[in-house]
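Subject: A structure for you to look at

Hello,

I am handing over the structure I mentioned, with some notes on what turned up in it. Have a look at it first, then read on when you have a moment.

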Amino acid sequence: MTYLITDQPIREAELLEQMRVETSGAIVTFHGIARRPSRGRDVLYLEYSTYQPMAESVLAQIGQEVRDMLEVDRVIIAHRTGRLEIGETSIFIAVAAPHRKAAFAGCSHIIERIKEILPVWKKEVWDGGEEWIHGA
């Protein structure tokens, strides 16, 4: 299991390689990407902020929830902090499981729980303004 808060670009291919085990028949991934249009504005970039030890603990908690609920082999959750340019990955989730239903369900559960309880804050910056975005 890998639970990572980082201010460096997320290396999805390297993380995905960690997911391959002989018992898994499926690996489902989710890539959250910084997008330009949001709430009727053209976003220039995003900034994410958190208290890293607390956030990594919450990621581990969410990963354990999935392991308790579903038959999964591996879970990786990586979340960026700092400034992200449009097109960069803000979050990468991967769930490996013997069967696809558990992998899909695990990935879906993780992103929904992250939106509910992860102490990470996002600021959108656009030409002439900025706003901290709260909630799911």
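Below is what was found, going from the whole chain to single residues.

Please keep in mind that this is a predicted model.

**The overall picture**

The protein has three helices and nine strands. Read from the N terminus, the order of the elements is β-α-β-β-β-α-β-β-β-α-β-β. The radius of gyration is 15 Å, which agrees with the value near 14 Å that a compact globule of 136 residues would have. Along the principal axes, the C-alpha atoms fill a box of roughly 50 × 25 × 25 Å.

Of the 136 residues, 44% count as buried. The accessible surface comes to about 7,500 Å², and carbon and sulfur atoms account for 48% of that. Contacts across the sequence are worth a glance too: among those between residues at least 6 apart, 76% join residues at least 24 apart.

**Helix 2 and its buried face**

Helix 2 covers residues 52-69, which is 18 residues. From its first C-alpha to its last it reaches 26 Å, close to the 26 Å expected at 1.5 Å a residue. Its buried residues are Ala-55, Val-58, Leu-59, Ile-62, Gly-63, Glu-65 and Val-66. Seen down the helix axis, these buried residues fall within an arc of 150°, so they line one face of helix 2.

What do the buried residues of helix 2 pack against? Their partners are strand 1 (2-6), strand 4 (41-50), strand 5 (74-80), helix 3 and strand 8 (120-126).

Glu-65, one of the buried residues of helix 2, has a polar partner: its side chain makes a polar contact with the side chain of Arg-113, at 2.9 Å. Arg-113 is found in helix 3, which spans residues 100-117. Beyond residues up to four places away in sequence, Arg-113 touches Gln-61, Ile-62, Glu-65 and Leu-118.

**Arg-80**

A polar atom of the Arg-80 side chain lies 3.1 Å from the backbone oxygen of Arg-83. Leaving aside neighbours within four places in sequence, Arg-80 is in contact with Thr-6, Asp-7, Gln-8, Pro-9, Ile-10, Tyr-48, Glu-88, Thr-89 and Ser-90.

**Glu-85**

Arg-83 comes up again here, as its side chain makes a polar contact with the side chain of Glu-85 at 2.6 Å. Glu-85 lies in strand 6 (residues 82-85) and is partly exposed, with a relative accessible area of 34%. Glu-85 and Asp-42 are 43 residues apart in sequence, and their C-alpha atoms are 12 Å apart in space.

**One backbone detail**

Arg-39 sits in the loop between strand 3 (37-38) and strand 4. Although Arg-39 is not a glycine, its phi is positive, at about 55°.

Key:
Residues are numbered from 1 along each chain as its sequence is written. This is a predicted model: local features need pLDDT of at least 70, side-chain atom pairs count only at pLDDT 80 or more; totals for chains, interfaces and linings use all residues. Side-chain values use heavy atoms; hydrogens and water are left out. Helices (H or I, at least four residues) and strands (E, at least two) are DSSP runs, numbered from the N terminus. A polar contact is a pair of N or O atoms within 3.5 Å; within protein, one must be able to donate a hydrogen and the other to accept it, and residues adjacent in sequence count only if both atoms are side-chain atoms. Contact means heavy atoms within 4.5 Å. The expected span of a helix is 1.5 Å times one less than its number of residues. Buried means under 20% relative accessible area, exposed over 50%, partly exposed in between (1.4 Å probe, protein chains only). The arc is that of the directions from the helix axis to the C-beta atoms. The radius of gyration is taken over C-alpha atoms; the globule rule is 2.2 Å times the number of residues to the power 0.38. Accessible areas come from the Shrake-Rupley method with a 1.4 Å probe; for residues, only the protein chains shown count as cover.
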